[in-house]
Amino acid sequence: MHSNKKIVQFNIMIVGTGGQGQITLLQILNQAAFIEGYDVKSSELHGLAQRGGSVEVHIRFGKEIFSPMVSQGKADLILALEMQETLKGSYYANSKTNFLINKYIVPIPAAKPLSEKEILDNLKKITKNIAVVPAAEICKEKLGTEVLAGVYLICLAVFKKLIPLKPESLLAAIKKIIPEKFLELNLKAFDLSRG
Amino acid sequence: MENILQNNSNKKIILLGNEAIVRGALESGVNFISTYPGTPASEIGNTFYKIAKDANVYFEFSTNEKVALEAGIGASFSGLKTLVAMKNFGLNVCLDALIPFVYTGTKGPTVIIVADDPSCHSSAQSEENTRPVGNLVHIPILEPSDPQECLDFTKLAFQISEKFKIPVMIRTTTRVAHQRMPVKIGEYELGIKNKGKFIKDVKRWVTLPPRVLEMKKELFEKIEKIREFSEKTKINKIEGDKKSKIGIITSAIPYLYVKEILKELNLNLPILKLGVFYPSPNKKVKNFIRKLKKVLIVEELEASLEQWVRGLAKDTNPKLQIFGKNLLPVVGELRPEIVASSIAKVANKKLEIETKSKIFAPKRFPQFCLGCPYWLVFNAIKKAVNPKEVVFGGDIGCYMLFGNPAVNMQDYLSCMGSSIGIAHGIKKATSQKLITFIGDSTFFHAGIPALINTVFNKSNPLIIILNNETTAMTGHQPHPAAVGVAEPIEIEKIVEACGVKNLKTIDPVNQEEFSQAVKDFLAKDEVSVIIAKRICIQIKK
């Protein structure tokens, strides 16, 4: 602990709709980075915006971090819990940014949903680093609930080295942040993402 | 989760800005805490609500912010260490009590937390900047940038209050209150004292003329002493290369963006970082700008620091080029990339932002939860009237979402409790049909005087009190009629006592009954009230 400061800075955006657990994911990643001795800053929103609106949270860690917000075009990883929200996240993307996307659509009332192809065609204008994962479907099938898609995806991102943190730090963070009664399911999501 | 009560000094734990304020208050030995929930300040009350018993402190959710502050004033007069928390609009509500409190000053040290919400992430009504209140009220204001400063400044605020016998305000914003970072915590003693004593002292606690004018003189003397403190304190600090001819003056969250961008642009410019907004350290600023050619003031919302620096520069450095709101927006929160472009312009640096963000993203409005009882109210009204022929009044709560597409049932919206007051004015001015909505907690907060006014001055709006038995929008805090309250104050009895004759309580699941009541009451010559009573679906779960 408190020794391994390799990364100058790493910027993560998690985008999605209200109620998808962004703040819990943010807390887990904050804690995992903190365990590895990094400086950490994050920014989140509470209140009415969460009621089904768009919700984006910012997580930054590294040697010395000042701003809690990721700058335009400076995200290293954009994790989208909902496909259409990926487009909002694109504000933070550059040609090297990785997109990790939950294959999951929450319809917008009175609007025609964008197709997966339309969304991906747009993203491809920015970067080639796009991975779409049916996380909601996998979690529903294997764990009985799609709510775990977010935890599954951050674990997957760590195992696939899309986030430069160690799996054991993430595991310790999950144990610290997730309340006792939900812990077992979350640990299953961790194991499941290891593949 | 982290235990905010742990007594383990010099340890770092990750805290939210609002939690760090709670921790700072605990480490200061706070005894009495009052609040009315409002985002982005809500977690201060929520956290105290959870820990009050274990921490051996008194905590209450008051009926509104004015009452919360008045309760705090009483506790302070009785010698208790007091914290009052609210969002910016709450400060407007309690301003009447705050101004005389600054005249009388404190006995028990008192800190008032006020949270602004630039960009209105969780606020309707206005994008309020509370900082100018310092000059209006003459209350010292500290502005933390991050959770560590939230903790440290809360402790410092209690110390200033104790030393100068004056309430001290801490102004946060969403990006400070809802920022997380590892925070170094200190030691504290659990609830040292929770019984005070009010000692009579007419000269001190009674703001009656002519004494009140003496009090004002004393207040100004106090402020000048605090200004001396402001000149010396380390929280007004200068960093960076002091020989540079270009400098930056900043505070609060923009300070973090400035630090980030200077690092990114590999610039070493001097920064004057102000932790005290009021009273301002004039000498320190004059010394900072004396030898500069250019100064950039990086602040969010309306220019306050900039106007003050312009004033000081006239004598000190008349040739100084001052940049600020000519490069930065007055509306909306700052972001690091906005600050980057202003710094790059002033420092003649080239800025490369690689972005291809011109991508259309569909707009997603917040929605009522699945199973929310307000859907039922909306449906019943739609069945009873043609919405185009009725004026719909809105108020502050989840039901503001009546204004979003798919519902479109909100023709005006202002501040807490105003739906009824404005309804009365419209009914007096026109002969149009009018239905207005107000939530249970909002009714208690500021709706009751307005209801009495409609009865007293005789107008006939239809008021629908949406009683979901909780303060839903801010995270389900209790109120006087909330579920789980031991002896609830029934809204029906209050409405009756106000003199309302047309009153029905209906569970909106009974759609026909609800629609019929709407039709009947809209035809009445006197004010009518329907209490739509059905518990919030989030609590029912």
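Predicted model: local features only at pLDDT ≥ 70, side-chain atom pairs only at ≥ 80, totals over all residues.
**Chain A**

Chain A is built from 7 helices and 6 strands. If you walk along the sequence, they come in the pattern β-α-β-β-β-α-β-α-β-α-α-α-α. The radius of gyration of chain A is 16 Å, close to the 16 Å that the globule rule gives for 195 residues, so chain A is as compact as a globular protein of that length.

**Chain B**

Over in chain B you'll find 19 helices and 19 strands. Here the radius of gyration is 25 Å, close to the 24 Å from the globule rule for 541 residues, so chain B is also as compact as a globular protein of its length.

Here are a few overall values for the two chains:

| Chain | Span of the C-alpha atoms along the principal axes | Share of residues buried |
|---|---|---|
| Chain A | about 50 × 35 × 35 Å | 57% of 195 residues |
| Chain B | roughly 75 × 65 × 50 Å | 51% of 541 residues |

**A sheet in chain B**

Chain B holds an open sheet of 7 strands, with mixed pairing and the order 3-2-4-5-7-6-12. Strand 3 (58-61) and strand 12 (276-278) of chain B sit at the edges with a single partner strand each, so one side of each is left without a neighbour in the sheet. Elsewhere in the order, strand 4 (residues 82-87) of chain B pairs with strand 5 (residues 110-116) of chain B in the parallel sense, over 6 bridges. Look there for B:Ala85, which stands opposite B:Ile113 in strand 5 of chain B.

**Where the chains meet**

Now for the contact between the chains: 40 residues come from chain B and 42 residues from chain A. On the chain B side, strand 8 (179-184), helix 10 (252-264) and helix 13 (336-346) each supply at least two of the residues that touch chain A. Sorted by class, this side of chain B has 21 nonpolar, 10 polar and 9 charged residues.

Strand pairing also crosses from one chain to the other. Strand 2 (residues 39-43) of chain A and strand 8 of chain B run antiparallel and are joined by 2 bridges. To find one of the pairs, go to A:Ser42, whose bridge partner in strand 8 of chain B is B:Arg180.

Definitions and conventions:
Residues numbered from 1 in each chain as written. Chains lettered and ligands numbered in written order. Contact = placed C-beta atoms within 7 Å. Helix = DSSP H or I, 4+ residues; strand = E, 2+ residues; numbered from the N terminus. Nonpolar A, V, L, I, M, F, W, Y, C, P; charged D, E, K, R; others polar. Pairing = 2+ DSSP bridges. Rg over C-alpha atoms; globule rule 2.2 N^0.38 Å. Buried ≥ 20, exposed ≤ 12 C-beta atoms within 10 Å, placed from the backbone.
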